[in-house]
Amino acid sequence: MTMICFVLLLCLAGKEDAGAETAALLKPFYKMAMYLYKRICRCFPGRFSSPQVEKDLRQLHPGEPAEYVKTDYYVKKGAVGLAVIFAGALLGAAARFNAESGIILGEDRSITRSGYEEGNREINLTAGYGEKQMDFKIEVEALLLTGEEADALVDEFLEKLPQYMAGKNDSLDNVTSDLVLEETYDGFPVSVNWESDNPGLLSSEGQVFSVEEAAEVTLTAHVSYGGRERVQKLTVRLMPPELTEDELAYRELEEMLKKSQGESVSLAEWTLPAQWRGEDIIWRQAVEDKSLLLWAAAVAAAVMIFFLLDRDLHGQLEKRQKILHREYAEIVHKLVLYVGAGMTVRGTFQKLAGDYEAKCRNGNKRSPAYEEILYTCRELHSGVSEGLSYEHFGRRTGLQEYIRLSALLTQNLKRGNSTLLERLREEADKSAAERLQQSKKLGEEAGTKLLVPMVLMLAVVMAIIMIPAMSNM
């Protein structure tokens with residue numbers, strides 16, 4: 001159903017533009033997210049509206065159309081979420097297919113056996129009779145085949161047999177629960193037939209019936225393999241268990257299952273019993289199906305990604321502001337240098353922007369502070385007044401020092417530039433002091449972070465010194 005929804009959505013979104021910068025794997029999901037975004041905005045205006053997100057986007061992408069940046073941001077988030085849901089659906093479908101492929105119980109209550117080379121298979125069965133239901137874990141044995149083995153293998157098996165058949169009991173001298181009397185054990189390619197000298201207390205299938213006092217039963221194991229046969233007699237001491245009615249019913253049903261399987265071990269299919277105590281039994285095989293869990297996890301992950309990306313966006317803005325703060329002193333000092341050399345403020349901005357573009361063409365990293373200067377120069381070329389461009393420069397950064405600098409430049413245009421150089425030098429000295437203080441703060445934080453590694457290194461050095469010294473004592 002999920003895949004059908006994705007296919008229909010992809011068909012409806014076929015005409016949407018995925019964008020050249022979108023990764024190839026995300027393009028189909030980008031189209032679907034764009035289609036859904038447009039429909040949701042049309043039906044629910046204002047649904048994708050967060051003042052904080054829009055403010056962060058404006059500061060991270062100055063000069064770009066606000067609506068375009070907002071649409072691209074939300075569509076990319078939606079595309080990632082859809083991709084996660086799609087991946088979860090694929091994993092869920094694979095898990096469902098794997099679970100269903102393990103079902104070997106047919107509608108006619110028949111279980112198909114595997115070949116000897118595939119080994120035995122363990123399945124979970126649920127017995128429903130009347131209004132009751134019981135669960136069983138049954139090992140479906142493979143088709144019985146003959147083989148060739150040496151006597152040493154049979155001897156080894158006989159040594160381990162008491163341990164295998166004890167099951168939940170501590171030993172064969174204190175048996176309170178059913179014994180594990182199987183035809184094969186732990187991958188040994190041998191066949192074992194069991195006989196009990198007192199089936200009323202201990203059946204040949206290992207079923208322990210209620211006893212009022214301690215009793216001893218002798219089990220005879222006929223071990224055969226490759227034409228060889230050994231006979232081993234084992235004495236089992238039964239102790240009276242405390243069983244409830246449900247436990248007795250469980251044991252009877254389990255005994256009936258084992259008896260039914262023993263009668264059909266040479267058949268390719270094992271037909272489960274149809275009735276018990278006059279009640280019809282409805283058999284179902286219990287399989288571990290994790291498909292719904294995977295689908296739910298994928299949806300939850302997509303929702304978390306969609307909302308956590310807003311936090312990531314704000315983190316990008318904080319990183320940008322740190323870089324702006326760090327580059328402020330350099331920009332102010334360059335303004336003092338060029339204005340002191342006789343250049344106008346406008347010419348200084350154009351000089352800084354030109355040098356920055358040349359460095360970017362040579363492969364240097366982009367700088368948010370110089371990007372704002374470049375954008376200011378483009379505003380000036382487009383006809384925006386110089387004072388208004390400087391005001392926009394300060395507002396876009398959102399930092400107090402840049403707003404202060406833009407106010408200083410704007411006041412210079414209104415009052416003349418007689419004191420501009422002096423004011424810029426004061427601002428340069430102030431920014432240098434603030435940068436020095438910030439460097440000291442970062443150094444103190446780095447020292448605190450290095451404290452734990454230094455303590456660990458000290459412990460290692462002490463161990464290197466002390467261990468040889470103590471070993472020579």
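How do α11 and α12 run relative to each other, roughly parallel or roughly antiparallel? Angles under 35 degrees count as roughly parallel and over 145 as roughly antiparallel; α11 and α12 are therefore roughly antiparallel. This is a predicted model: local features need pLDDT of at least 70, side-chain atom pairs count only at pLDDT 80 or more, and totals for chains, interfaces and linings use all residues. Residues are numbered from 1 along each chain as its sequence is written, and side-chain values use heavy atoms, without hydrogens or water.

**Helix pair**
- The axes of α11 (residues 400-415) and α12 (residues 420-449) come within 11 Å and cross at roughly 175 degrees.
- Axes are lines fitted to C-alpha atoms over the stretch in contact, with angles from 0 to 180 degrees between N-to-C directions.
- Contact means heavy atoms within 4.5 Å.
- On the α11 side, the contact residues include Leu405, Leu408 and Leu409; on the α12 side, they include Leu420, Arg423 and Leu424.
- The residues of this contact divide into five nonpolar, two polar and six charged.

**Largest pocket**
- The largest pocket has a volume of about 940 Å³.
- A pocket is an open set of points on a 1 Å grid where a 1.4 Å probe fits, with protein on both sides within 12 Å along at least five of seven lines; lining residues have an atom within 4 Å of a point.
- Its lining has 30 residues, with Leu179, Glu182, Glu205, Glu254 and Lys258 nearest the centre.
- Helix α6 gives the most to this lining, with seven residues.
- By class, the lining has nine nonpolar, seven polar and 14 charged residues.

**Salt bridges**
- A salt bridge puts a side-chain nitrogen of Lys or Arg within 4 Å of a carboxyl oxygen of Asp or Glu.
- The count comes to 12 salt bridges.
- Arg251 forms one with Asp178, the closest N and O atoms being 3.3 Å apart.
- Arg251 is in α6 and Asp178 in the loop between α5 and β4, 73 residues apart.

Definitions and conventions
Points joined across faces, edges and corners; volume = space filled by probe spheres on them. Helix = DSSP H or I, 4+ residues; strand = E, 2+ residues; numbered from the N terminus. Nonpolar A, V, L, I, M, F, W, Y, C, P; charged D, E, K, R; others polar. Parallel < 35°, antiparallel > 145°, perpendicular 65-115°, else oblique.
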